[in-house]
Amino acid sequence: QVHVVESGGGLVQPGGSLRLSCAASGSIFSINAMGWYRQAPGEARELVATITSGGSTNYADSMKGRFTISRDNAKNTMYLQMNSLKPDDTAVYYCNVRIRDNLSLAQYNYWGQGTQVTVSS
């Protein structure tokens, strides 16, 4: 069994910063790609950024230069540093991880429960 938990969301003023964390635990042999997604009310879930096990990153165009994704493989944890936040960044942010199971060695995708980010004055 694998648990994926996000943290770090909250209320921030426009122009402010937040750092999200995503921690995976449980029956994990290895973690391959990890990613952040977000979903605003009434909208579809969209990609924010992804990072491979080797550290290669990919960002949605609207996040480039403002958001930074990183990971600590020793801690099975991923981060999203968000700067220059805008009201349009308001959404529930979800973590997605692709994990190789410790027993079967099969790969599975897991989602966290989400963390709310609200950008408002």
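P41 is exposed, with a relative accessible area of 74%; the term exposed applies over 50% relative accessible area, buried applies under 20%, and partly exposed lies in between, with a 1.4 Å probe and protein chains only. P41 has its place in the loop between β4 and β5. The C-alpha atoms of P41 and R100 are separated by 32 Å, and these residues are 59 residues apart along the chain. This is a predicted model, in which local features need pLDDT of at least 70 and side-chain atom pairs count only at pLDDT 80 or more, while totals for chains, interfaces and linings use all residues. Residues are numbered from 1 along each chain as its sequence is written, and side-chain values use heavy atoms, with hydrogens and water left out.

**Overall architecture**

- The secondary structure of the protein comes to zero helices and 11 strands; helices (H or I, at least four residues) and strands (E, at least two) are DSSP runs, numbered from the N terminus.
- Along the sequence, the pattern reads β-β-β-β-β-β-β-β-β-β-β.
- The radius of gyration is 14 Å, close to the 14 Å that the globule rule gives for 121 residues, so the protein is as compact as a globular protein of that length. This radius is taken over C-alpha atoms, and the globule rule is 2.2 Å times the number of residues to the power 0.38.
- The C-alpha trace spans about 50 × 25 × 25 Å along its principal axes.
- Of the 121 residues of the protein, 39% count as buried.
- The protein exposes about 6,200 Å², of which carbon and sulfur atoms supply 47%; accessible areas come from the Shrake-Rupley method with a 1.4 Å probe, and for residues only the protein chains shown count as cover.
- Among contacts between residues at least 6 apart in sequence, 56% join residues at least 24 apart, where contact means heavy atoms within 4.5 Å.

**The open sheet of four strands**

- An open sheet of four strands has the order β1-β3-β8-β7, with antiparallel pairing; two strands pair if DSSP finds at least two bridges between them.
- Its edge strands are β1 (2–7) and β7 (67–72), each of which pairs on one side only.
- Neighbouring strands of this sheet are turned by 15° against each other on average, direction ignored. For such angles, axes are lines fitted to C-alpha atoms (for helices, over the stretch in contact), and the angles run from 0 to 180 degrees between N-to-C directions.
- Six bridges join β1 to strand β3 (residues 18–26) in the antiparallel sense, and the bridge partner of V2 in β3 is G26.

**Strand β4 and its partners**

- Strand β4 (residues 28–39) runs antiparallel to strand β9 (residues 91–101), and nine bridges join them. Within β9, R100 stands opposite S30.
- β4 also runs antiparallel to strand β5 (residues 46–51), with five bridges between them. The bridge partner of W36 in β5 is A49.
- The hairpin of β4 and β5 has six residues between the strands, and G42 there takes a positive phi near 75°.
- In a regular strand the side chains alternate between the two faces of the sheet.

**Strands β9 and β10**

- β9 and β10 pair in the antiparallel sense over five bridges, and the bridge partner of V97 in β10 is Y110.
- These two strands form a hairpin with five residues between them, and L105 in the turn has a positive phi of about 65°.
- L105 is a residue other than glycine, and at 40% relative accessibility L105 counts as partly exposed.
- Another residue other than glycine with a positive phi is S84, with a value near 50°. S84 has its place in the loop between β8 (77–82) and β9 and, at 42% relative accessibility, counts as partly exposed.

**Aromatic pairs**

- The count comes to two aromatic pairs. Rings of Phe, Tyr and Trp (its six-membered ring) pair if their centres lie within 6.5 Å; planes under 30 degrees apart count as stacked, over 60 as edge-to-face and the rest as tilted.
- Y37 and W111 form an edge-to-face pair, with 5.1 Å centre to centre and 65° between the planes.
- This pair links distant parts of the chain, with Y37 in strand β4 and W111 in strand β10 (residues 107–111), 74 residues apart.
- Y37 counts as partly exposed at 22% relative accessibility, and W111 counts as partly exposed at 41%.
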